[in-house]
Amino acid sequence: MALQRHGLCMKILSAAAAIIATLEATSGLRYTVGDSVWSIPPPQPDSYTNWSFSHSFYIGDVLVFDFDYEFFNAMQVSRLDYESCAALSPIRIFTRSPALAILFHEGVNHYICNISNYCDLGLKFSVLVHKFSYSTGRSPAPSPLPPLPSLPPSSPPASSPYSAPEPYISSWVDWCLSTFCS
């Protein structure tokens, strides 16, 4: 039994090493969200939105959320949750800092902080992710998206009633090791 468990652990570590090597070899650029700390109050009401419009993002790029985990979080949410500053069905939840959000899919990704009324105070933004062109490298930046229409103020969002695993590879490896190797 111990030998089978050891063999499984070695397979998990090998797979994790291969995934990490692949991500490092194909990873895109890293962007610290807002070029500073993810916090309230932002320097200006639209600081994070303006920051996202000033960059071109591609599949494989990484958003780095730097925040005090005791007071902030970051969530990738749907457009509806983004517009209402709610986290009813979060796509990804980031509770540890620095949080790394790899941009996997082409299209618009929306991010908010769902603690207190921080989203309503400006702790939110969207990024437009472009397909990477392997033949020519990064594509020229397209025109920015028009700003989203304003919605009437909503009540402060409630904290998520559950905790989701972090999208870190190291967390996945830690989970596998603790589940199968101890």
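This is a predicted model: local features need pLDDT of at least 70, side-chain atom pairs count only at pLDDT 80 or more; totals for chains, interfaces and linings use all residues.
1. Cys85 and Cys119 are the partners, with an S to S distance of 2.0 Å. The torsion about their S-S bond is about -70°, so this disulfide is left-handed.

2. Look at where the two cysteines sit: Cys85 is in the loop between α3 (79-84) and β5 (92-94), while Cys119 is in the loop between β7 (107-112) and β8. That makes it a link between distant parts of the chain, 34 residues apart. Cys85 is buried at 2% relative accessible area, and Cys119 counts as buried at 2% too.

3. Cys113 is buried, with a relative accessible area of 0%.

4. On to the rings: the structure holds eleven aromatic pairs. In one of them, Trp51 and Phe57 are tilted at 55° between the planes, 5.6 Å centre to centre. Both Trp51 and Phe57 are buried.

5. Phe65 and Phe125 form another tilted pair, with centres 6.0 Å apart and planes at 40°. Phe65 belongs to strand β3 (residues 62-65) and Phe125 to strand β8 (residues 124-130), so you have a link between distant parts of the chain, 60 residues apart. Phe65 is buried at 0% relative accessible area, and Phe125 is buried at 0% as well.

6. One aromatic cluster includes Trp51, Phe57, Phe65 and Phe125, along with Tyr31 and Trp38 among others. Separately, Lys124 lies over the face of Tyr82, 4.3 Å from the ring centre.

Terms used. Residues are numbered from 1 along each chain as its sequence is written. Side-chain values use heavy atoms; hydrogens and water are left out. Rings of Phe, Tyr and Trp (its six-membered ring) pair if their centres lie within 6.5 Å; planes under 30 degrees apart count as stacked, over 60 as edge-to-face and the rest as tilted. Buried means under 20% relative accessible area, exposed over 50%, partly exposed in between (1.4 Å probe, protein chains only). Helices (H or I, at least four residues) and strands (E, at least two) are DSSP runs, numbered from the N terminus. A charge sits over a ring if NZ of Lys or CZ of Arg is within 6 Å of the ring centre and within 35 degrees of the ring normal. A disulfide is a pair of cysteine sulfur atoms within 2.5 Å.
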